[in-house]
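Please take me through this structure in the viewer. Tell me what to select at each stop and what is there.

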Amino acid sequence: MDPNILPTSSLVIALLIPLVGAIGVMLKGAHENLREAISSVSSLILLVTVGLMVPQVLKGNVLYCKLFEILPNVTIALRADAMSMIFALVASSLWTIAVFYSMGYMRGLNEHAQTRFNACFALAIFGAIGVAFSDNLFTMYLFYEIVSVCTYPLVAHHQDKEGYDGGRKYLVYLTATAKLFLLPAMICIYVLTGTLDFSLNISDGMFPADVNKTLVIMLYVFCLFGFAKNGIMPFHHWLPGAMVAPTPVSALLHAVAVVKVGVFCTTRVMLYTFGVDTMSALNLGIPTAYFVSFTILAASIIALSKDNLKARLAYSTVSQLSYIILGVALLTIPGIQGGLIHIVNHGFAKITLFFCAGAIYVAAHKKNISEMEGLGKVMPVTFGAFGIASLSMIGAPPVAGFVSKWNLLVGSIQAHQLGILFVLLASTLLNAAYFLPVTYRAFFAKPPAGAAYNGIKEAPLSMLIPIVIACTISVIIGIWPNFMMHFVKAVTG
Amino acid sequence: MDQHLVFSSFPILSTLIFLPLVAALIMLFVNSERYCKYISLCFTSVVAVLSLVLIVGFDTETTKFQFAEKAVWISSLDINYVVGIDGISILLVVMTALIMPFCILASWSYIKLRVKAFLICLMVMETAMIGVFVALDFILFYVLWEAMLIPMYLIIGIWGGPRKIYASVKFFLYTLAGSILLLVAIIWLYWQNEYSFFIPDMMWHHYALGSQILVFIAFFLAFAIKVPMFPFHTWLPAAHVEAPTAGSVILASILLKMGTYGFLRFALPIVPDATYQLMPFVLWLSIAGIIYGGFTALAQNDMKKLIAYSSVGHMGFVTLGIFILNKQGIEGAILQMINHGVTTGALFLCVGMIYERTHSRELSMAAGVGKYMPIFVTFLTFFSLASLGFPGTNSFVGEFMILAGTFQFDIEAGRFPWLALAAIPGALLAAAYMLRMLQRIIWGGVDNPDQSWIKDINAREIVILAPFLFFVLWIGLSPGPFLDLIDASVTDLLQNLTMHRTHSLSLNLMAPY
């Protein structure tokens, strides 16, 4: 049964809010307080606007709005269905939290070019919301590229050699894969199917039955690698390289705007362009799951070796993103549900972890885990939140990550893939191995001799409150997962 | 002859052709450089506005030549002054007319020496350029085609940079060499067609294949040099680099289009069987141009050279689109001709604006000007992104159509789409060199030269750039109205081609492609 399609302009409003916010920030850049007021007000309005769409979508309706027609069946059009809402809700709520956090961080460190920073931050969210509400592959590609371009100034923010190098790597990886794989895939899909629209359910896909199978498999592989923001190895190098950015950016990049755009696009295309039926018929699912398993394990092992906290978090992200793709690639209902809900769960947990890393840097100017021994005693809230968010990453109850992991495990059993089950369990152990020592050492290890923690106290409240909120949400959606699971269940039907 | 033409009650095309010439004549008698500037701006603006009449009055249903006019010129040889436009030429005529006032504005403070002579050259240039696109008599076409060389030669040779003589002579010789064989082909066709130079009369005949191939080669040399296709491109970077801003804009936006226009107007309809025979050759040459242009542009430190080589790549996409001989390809190619005119023209204007400030075209000298020229770099960002085919901008639509046509070309023939995939690295390279240039200009590196004295662009310069941005976004977001104008003519062209393809197939002459 196809859902009702309701034409509405509220989607355009939601999309324009961050754009208008960015323009406002640029115009009022000279007035620090006004500028930040614009950022925070637009983030709140966006959250409310997206929130107002929830009841309609939960009723099973699809909100739709066509903006431009480029060619026949190539349009810039927006849609809000259950899957878009998953990402839109995460992006808008995390933007709100991140705006408040970055005010504290940027002022705390007295960073330069804060206007540009705030404007690009809003533009990145503009792109992310656009991706979430894309009704077709072209619109998605458009906003995907907007995110790439608008986050470059954030990565290169420090404008030193390291910043430029990281920024270049970032842009090279993301645009090269998009141009080399995504562009031909998109055009070829258009030639084969006559449209770039997404299907209305996850099973049918868009390909006619008589299409050349080799070509479809090639297009699938192109799409998988084309969205390099999903961090699948071997195209993941941009992500650790982007760590030179200020921490709120890393938080935004690695929890929401960039990497989630990548996995959201990948899974959207897997489910709504190719469709579960085509993927099963061509046997694309399980090989994908095994392929990304390598990323899950390898990235976790690399994370173990990193002493720099942000680098460890970056590799953890690489690994966790592949969970999402793995879940969807299992093509079983619990698997898809587990994968998609992990977009939410990983988002809230990872942003907490990065916020904590930033708070530690602002309060104690420490980047390396080995230097944080005993620091938990002077910064209990920060490290407490870090510990709870780590549990979510590991997948321990009652934090949100457990819900994902449970579904993924059930999904792998239903797909009769013991190998995948083993990968998930092994990766859980690895997660525990690289996350738990951070909290343990902070609280229970003795500070190194000569280290004076006397002057160090918790980071300013504007940073601490977002940490606590993000962490609390992680716990709440762990204990009451039903609200978000509604959307995920609506996706799988 | 008349069955091909739809006459108009007002000689609008002649007005467009001769108004600039009238302006040039008036300026001969005006001594004040200031007045000359206003006169030329005024006349080109009138031409630009009048050209919009063509869009309004254009009938998108018919495939005949519209707004036609006819007058006897040399009756003994049956050479006539016949002009008219169809879907293939209308956008090029209008683009030419619209770009000229901005060329005048861009030269407002750039040209300091012999301003009057410069403006007269531009006016003569405009007459010749519009004439080339509307001429329907082959001799008229040829005369105007050659006539363009003289003012362009002067523009580069007098107002150019340090190596202006080298560049202008090279430009002149290359283009002239190409067009000599064209004249031979024209005379052969004249003789074959019962002594008529009327272009539509020459189309869709079944000339012998051997002769067709020879005529195609003559056409190809003339037009491939003009496009320029790899490996006939070497005159272009020299000419672009040395030419003043207005000259570069005219070269890139309009002159290059004459080559691809020539393919569409002459090569395809007059020698269709040869076109089918030689198309694989032209297609792979286009791919070579796309890749070669991209790599060479990536290595440039001179901004004008960078954009010049990017033109080689972009025009490779256009010839690719033309020679896959399907609807999406050809329509995409025509649209891409306009797109390239808009974006590359705008980019040359941007480089000119930097040059007026730093007196250097070196990328390293412009590194980091973004900090002091925020309005300028906002424009530049849009134009660079448009040039690399960013979705939502004009070039994306053209590139998308051409590549879709290329995929279709292979898939319909049941082949793996090697040809389309071979062109994709070109899109990647475009992103690479454009983003590199953009990054250098906006951000630079850790050792930027001191540019704190640089002033952002003024109102005149904003007025110059804004219309280009308008077209970048309009074509990018809603190309429908533009495609409607060209649709009927392209469909007709392809129908005729398909008939010839069947004919060639029945003769069993098809190469593997």
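How many residues does the contact take from chain A and from chain B? It takes 22 residues from chain A and 25 residues from chain B, where two residues are in contact if their C-beta atoms, placed from the backbone, lie within 7 Å.

This is a predicted model, in which local features need pLDDT of at least 70, side-chain atom pairs count only at pLDDT 80 or more, and totals for chains, interfaces and linings use all residues. Residues are numbered from 1 along each chain as its sequence is written, while chains are lettered from A and ligands numbered from 1 in the order in which they are written.

Select strand E2 (62-71), helix H5 (137-155) and helix H6 (161-193) of chain A. Each supplies at least two residues of the side of chain A that touches chain B; H6(A) gives the most, with 13 residues. Helices (H or I, at least four residues) and strands (E, at least two) are DSSP runs, numbered from the N terminus.

Now go to chain B and select its open sheet of three strands, ordered E1-E2-E3 with mixed pairing. Strands pair if DSSP finds at least two bridges between them. Strand E1 (5-7) and strand E3 (79-85) of chain B are at the edges with a single partner strand each, so one side of each has no neighbour in the sheet. E1(B) pairs with strand E2 (residues 65-74) of chain B in the parallel sense, over two bridges. Select B:Phe7: its bridge partner in E2(B) is B:Ala68.

Last, colour by confidence. The predictor gives the complex an ipTM of 0.91 and a pTM of 0.93.
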